[in-house]
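Welcome, and please take a moment to look over the sequence and the model below.

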Amino acid sequence: MKIFCTGASGYIGGSVAARLASAGHQVTGLVRSAEKADAVRAFGIVPVLGTLEDGEILAQAARAADVVVNAASADHKGAVAALLDAVSGSGKAFIHTSGSSIVGERSRGERSDDIFDEDTPVTPSPARAARVALNEFILSHRDKGCRPVIVCPSLIYGIGHGAGRDSVQVPLLIRLARKRGNAAHAGPGENIWSNVHIDDLVPLYVLAIDKAPAGSFYFAENGENSMRDACVAINRMLGFAGPPTAMSMQEAAAEWGEGTTEDTMASNSRVRAKRARQLGWEPNGRGLIEEIEQGCYRN
Ligand SMILES: NC(=O)c1ccc[n+]([C@@H]2O[C@H](COP(=O)([O-])OP(=O)(O)OC[C@H]3O[C@@H](n4cnc5c(N)ncnc54)[C@H](OP(=O)(O)O)[C@@H]3O)[C@@H](O)[C@H]2O)c1
């Protein structure tokens with residue numbers, strides 16, 4: 001198959017594109033510099049130079065492909081509109097990447113007991129209302145002669161398989177721990193995120209390309225942990241004695257910025273990947289705590 005992938009130099013898109021190329025597909029990947037073009041070529045991906053703002057470049061690449069995987073941004077409506085317009089009426093699959101912070105609840109590091117699967121109604125926070133509206137816009141194209149599908153990962157961990165190696169939350173926590181000589185979470189750190197190993201996430205994209213019906217939406221998770229649990233594991237990995245530090249929200253915002261702190265590091269995002277499992281997805285990667293303590297982050 002011919003597959004066009006945005007975000008081909010990134011963590012998710014790079015991992016998916018590299019896997020598809022190694023499986024023998026002809027993969028083209030959007031990149032925005034000559035340096036990134038070289039980086040993706042090393043994984044067997046043919047670079048397409050452009051950005052998410054270049055609607056005509058996106059449309060051309062999508063028309064030349066059998067399948068489009070959009071993994072550059074969960075939020076870029078212009079790019080989504082250009083890609084969907086190009087595949088409408090063609091029957092082609094459009095696999096979009098969202099993110100489970102759409103169900104996120106700001107809680108200043110406190111735990112929430114709210115758990116969401118694909119059938120749970122969501123009232124998004126103001127910070128994620130546009131992302132939820134974009135998801136609805138994408139799925140509404142099920143009636144427009146294409147196969148829109150959304151993969152909605154929770155916190156992803158593990159080393160990427162392609163040009164983009166690192167994810168977001170765990171590396172942020174590890175960098176801060178190294179800087180301070182002790183891991184630190186925002187507030188009490190009892191807030192919980194579902195999580196998924198990149199090694200498990202990639203096969204879900206492959207499954208979605210192969211057999212997800214038009215208009216389907218899939219959370220991706222295979223467990224959950226509190227930020228405090230992750231910090232305890234980071235201290236063990238780094239050999240720091242004692243408990244992690246509970247930062248004030250102001251202190252955390254000074255480290256990570258206010259939006260990242262409130263919506264990502266101190267919030268809850270607890271989801272269940274019910275539909276992905278029904279589709280046949282069988283995640284079996286190392287759990288987050290084990291991966292931190294004994295896996296790829298040690299180096
Ligand atoms: N990582 C997670 O845990 C996670 C979980 C759920 C959802 N998500 C969402 O999934 C999306 C991708 O995440 P990621 O972790 O793979 O991010 P990433 O590693 O930063 O990769 C983003 C990719 O998109 C490209 N890109 C970004 N803006 C672009 C633009 N305007 N034009 C062209 N290319 C552009 C980047 O190119 P460059 O290499 O040139 O920067 C890179 O290849 C994000 O929207 C993120 O919120 C991530």
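A crossing of two helices is called right-handed if the near helix is turned clockwise from the far one by less than a right angle, and left-handed if anticlockwise. Keep that in mind for helices H3 and H4, whose crossing is right-handed. Please note that this is a predicted model.

**Overall fold**
- The protein chain holds 12 helices and 14 strands.
- A compact globule of 299 residues would have a radius of gyration near 19 Å, and the protein chain agrees because its own value is 19 Å.
- Along the principal axes, the C-alpha atoms fill a box of roughly 60 × 40 × 35 Å.
- Of the 299 residues, 50% are buried.
- Taking contacts between residues at least 6 apart in sequence, 78% link residues at least 24 apart.

**Helix H4 and its surroundings**
- H4 spans residues 77–87, and its buried residues are Ala79, Val80, Ala82, Leu83, Leu84, Ala86 and Val87.
- In an α-helix there are 3.6 residues a turn, so residues three or four places apart point the same way.
- After H4 comes Gly89, which has a positive phi, near 85°.

**How H3 meets H4**
- A packed pair of helices is described by the angle between the axes and the distance between them.
- For H3 and H4, the axes come within 8 Å and cross at roughly 35°.
- On the H3 side, the contact is made by Gly55, Leu58, Ala59, Ala62 and Arg63.
- H4 brings Gly78, Ala79, Ala82, Leu83, Asp85, Ala86 and Val87 to this contact.
- By class, the residues where H3 touches H4 are eight nonpolar, two polar and two charged.

**The ligand site**
- The ligand is surrounded by 23 residues, and the closest are Gly7, Gly10, Tyr11, Ala72 and Gly99.
- Which helix gives the most to the shell around the ligand? That is H1, with three residues.
- The shell is made up of 11 nonpolar, 10 polar and two charged residues.

Note on methods
Residues are numbered from 1 along each chain as its sequence is written. This is a predicted model: local features need pLDDT of at least 70, side-chain atom pairs count only at pLDDT 80 or more; totals for chains, interfaces and linings use all residues. Helices (H or I, at least four residues) and strands (E, at least two) are DSSP runs, numbered from the N terminus. The radius of gyration is taken over C-alpha atoms; the globule rule is 2.2 Å times the number of residues to the power 0.38. A residue is buried if 20 or more other C-beta atoms lie within 10 Å of its own, exposed if 12 or fewer, and partly exposed in between; C-beta atoms are placed from the backbone. Two residues are in contact if their C-beta atoms, placed from the backbone, lie within 7 Å. A residue is near a molecule or strand if its C-beta atom, placed from the backbone, lies within 6 Å of it. Ala, Val, Leu, Ile, Met, Phe, Trp, Tyr, Cys and Pro count as nonpolar, Asp, Glu, Lys and Arg as charged, and the others, Gly among them, as polar. Axes are lines fitted to C-alpha atoms, for helices over the stretch in contact, and angles run from 0 to 180 degrees between N-to-C directions.
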